[in-house]
Amino acid sequence: MKNFTTETLQQAITDKLMIHFGKAPEDATEAEIVRACARVMRDRIAIRGVETRTKTRKQGDKQVHYLSLEFLMGRSLMKNAYNLGSLKMLNEALTNMGFTPADVFEAEPDAALGNGGLGRLAACYIDSMTTLEIPATGYSICYDLGIFKQKIVDGQQVELPDSWKDVGEAWLLPRPEDTKWVRFGGTVRDQWDNGYLHIVHEGGQVVRAVPCDMEIAGYDTDHVNTLRLWDAQPTKQVDMSMYSRGEYMKATEEEAMAEVIAKVLYPEDNHYEGKSLRLKQQYFFVSATVQHIVQKHVEAGRPLTNFHEYNVIQINDTHPALVVPELMRIFIDEAGLDWEQAWDITTQAVAYTNHTVLAEALERWPQDLFQTLLPRIWQIVQEISNRWQAKVDNHFHNHSITADMAIVWNGEIRMANLCIAGGMAVNGVSGLHSEILRKDVFKNACNMEPHKFKNVTNGIDHRRWLSEINPEMDSLICELTGSNRYLSHADDMMKLDAFADDKTVLAKLAEIKHANKVRFAKHAKKTRGVILNPDSIFDVQVKRLHEYKRQLLNVVHIISLYQKLQDDPNAITVPHTFLFGAKAAPGYQVAKRIIHLINSLSDEIDHNPACKGKLQVVFLENYRVSLAEQLIPASEVSQQISTAGKEASGTGNMKFMMNGALTVGTLDGANVEMHGLLGDENMFLFGLHAHEVEQLIRDGYDPQRIYQENATLHRALDALRNGFRDGVRYDDLYQRLVYGNHGSCADEYLLLADFADYAKAEARMSATYADPTAWNKMSLHNIARSGLFSADRSIADYAETIWHTNYRK
Ligand code: 26Q
């Protein structure tokens, strides 16, 4: 199909505006323009979608089904225009119509159907699967409300609802003809029918799952994939007879229960909560998805016995783990296969990605809840559990291993063990993380079935996270590598290494960074009224707020710098701006206190004249995908300072590296791979290694001793305890670090143990910054070697080692 020209695009947008809003371009608001543009793009992509599906069906290609409770898509307008090769035309068309393209793009709300890393990963992967022409579908829930909007009021986080759909819905294509029905509760009984035994599940409540599709265009390809978002609707219409009987509330009850399922995304990141509604969400989208996949397979005229040869189901963490019993249910209850056949197919079709080793994030559902809500699935899970336990017993003859690997145990269902038993592959998301899974978290399972355990290091959509958001850098890369081939072959960026001693190139690099900083400073001033100094180091930590990510270590270090500056006004020679952005889960009190602290410290430093032009702390409200897109190209230092062994991979680290920021970090997650590419000389590593963390905790960690022995740290922690000029004290955080509080052990994440080395790394970083040539050279090496972290590489790894599908090379 031919590309848009500026004229055809402009005409199409104008037509949409008139048809949908009855408006001429000059009367349209920016939001209306966004919706019109989205519809135009959507139509174009939808046509290619039809062609793609026809081709896939004809060729009988194996399909990938990527299930995730989260897809953190962000904005789509620029992305789709970019992938369709129409970004230039769109810019021109908008300008011709009297709009400022940047303002139009800025008016699109983020589709924020995710919390952070895991959800954004799914979004990057669907782009790469499409670009690599893998027939793939993403499945999730069409939440009304995405992750909450964060407001800072008096230094503290306040959550506001995020209704993204008013505008965002323009991307969605409702597909009522593919509606599925999902049953909750009720009873299960056996029934004999013509000599056959049937399972009958009846009663309870049936919810309608209606697909809303978001079509996904790939880069430089006509291939289109679909992100299928299930919306929940009541089956019964509101019962009018109840109304007339005066049972007004009861009449709307069922409707309310159905609709609440797709109401809101759970805002906990890396933390499990055993809420009944969450389990409903999981089964709702899993059941609708599995019904759909099996139906399509059958409609293609194929027997279920080869289901796994044509379908692979990748599950994003354990959240969609119910695919295992749901496949079994459909194969057995609906298709009449016997248990062995059904198990054989299921365990060859499902693959599980683990994203965390934090104990509090591992899903374990209470049996009572599970049994009431999903009676038939519960029966199947029990059978799976019993058979698995027999297999484990038979292999190890060891009671504690049986307990460790059990699926149902002590009145709980352990979803990770269900995924390991019910799938053909388990992968971690970085080398270190996969090693920890094999040697520690899942060591017994790995002993029994080592072939299942794989690693696929995470990656990011480098077209979005580099080319699209940093166009000047994109031009420089194209110029230096001789073409734009790097867009589909990220390893081409390696060619940049050859320019490490080229003064002109290094100067150009510095110039681009500075221009991005100025642009970001303008944006920050316009949107939030903060004044940033573009001639200071932009030192950035943006990610969800979690103790293991150690934002507090960064803060304590800044306090120590502040105190140093008070002793000696010349202590800081390179002006330094520390930028933070983070949402805290609404119920995570400690995380909220840390946000408050950052704002207190920011205020303190702002009011101290000695800090002027030298030191600044800024908390950026409502950190989200679209803010990251503006901030990352302007960043110079990337803080990746989690306690070693705790961050499964990290993906923000990759985005910063690709945009030329230098990392201050621990040897954790994918930082380890980064270090392998860069060496000690191109990043600022510090801190304990994962095995040393383990060792220290085994030997008995004593933060009090460190507090007593390190005078700088002692002083900084005392200041934290007493608080700053706003009068808020942080004794609770102090206690947590030094003595332990609320039953937690002191300093669980070893901030104090790593403090001294962290301060040294920051000092090395500042000293290097003072030498622009050295800095720019390191920056260049970072960009050059970041190609490994393209999601295209990750997806190629999945295709080769787990999915066994073809892909465009
Ligand atoms: C589970 C049950 C009930 C409610 C919520 C949850 C839940 C929700 C989100 C549990 C975990 C998450 C998110 C986890 C996550 O984002 N993990 C991150 O995944 C990234 C992609 O692989 C990694 O880079 C990060 O290291 C990892 O922390």
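Two strands count as paired here if DSSP finds at least two bridges between them; helices (H or I, at least four residues) and strands (E, at least two) are DSSP runs numbered from the N terminus. What you're looking at is a predicted model, so local features need pLDDT of at least 70 and side-chain atom pairs count only at pLDDT 80 or more, while totals for chains, interfaces and linings use all residues. Residues are numbered from 1 along each chain as its sequence is written.

**View 1. Strand β13 and its two partners.** β13 (residues 311-316) pairs with strand β1 (residues 63-67) in the parallel sense, over five bridges. In that pairing, H65 has I313 of β13 as its bridge partner. Strand β14 (residues 350-353) also runs parallel to β13, joined by four bridges, and here N316 stands opposite T353. Six of the six residues of β13 are buried, so the strand is largely enclosed by the rest of the structure. (Buried means 20 or more other C-beta atoms within 10 Å of the residue's own, exposed means 12 or fewer, and partly exposed is in between, with C-beta atoms placed from the backbone.) Both faces are covered: N311, I313 and I315 are buried on one side, V312, Q314 and N316 on the other.

**View 2. The six-stranded open sheet.** The strand order is β22-β21-β20-β23-β24-β25, with parallel pairing. β22 (615-619) and β25 (684-685) sit at the edges with a single partner strand each, so one side of each has no neighbour in the sheet. Five bridges link β22 to strand β21 (residues 576-581) in the parallel sense, and T577 has Q616 in β22 as its bridge partner. Helix α24 (residues 589-606) lies across β21 and β22, running at about 145° to β22. (Axes are lines fitted to C-alpha atoms, for helices over the stretch in contact, and angles run from 0 to 180 degrees between N-to-C directions.)

**View 3. R550 in its loop.** R550 is found between β20 and α23 (551-567). With 26 C-beta neighbours inside 10 Å, R550 counts as buried. Leaving aside neighbours within four places in sequence, R550 is in contact with I641, S642, T643, Y749 and L751. (Contact means that the C-beta atoms of two residues, placed from the backbone, lie within 7 Å.) R550 and Q640 are 90 residues apart in sequence, yet 8.9 Å apart in space, C-alpha to C-alpha.

**View 4. Helix α22 from end to end.** The 26 residues of α22 (residues 503-528) should span 38 Å at 1.5 Å a residue, and the end C-alpha atoms are 37 Å apart, which agrees. (The expected span is 1.5 Å times one less than the number of residues.) Buried along α22 are L506, L509, I512, K513, N516, K517, F520 and A524. Their cover includes α21 (471-481), β20 (537-542), α25 (625-631) and α33 (772-784). After the helix comes G529, with a positive phi near 70°.

**View 5. Where domain 2 meets domain 3.** The domain assignment, automatic or from a database, gives domain 2 as 64-75 + 110-338 + 360-382 and domain 3 as 472-786. Here 27 residues of domain 2 are in contact with 22 residues of domain 3. On the domain 2 side, the elements giving two or more residues are β2 (71-74), α6 (117-131), β5 (149-153) and β6 (156-160).
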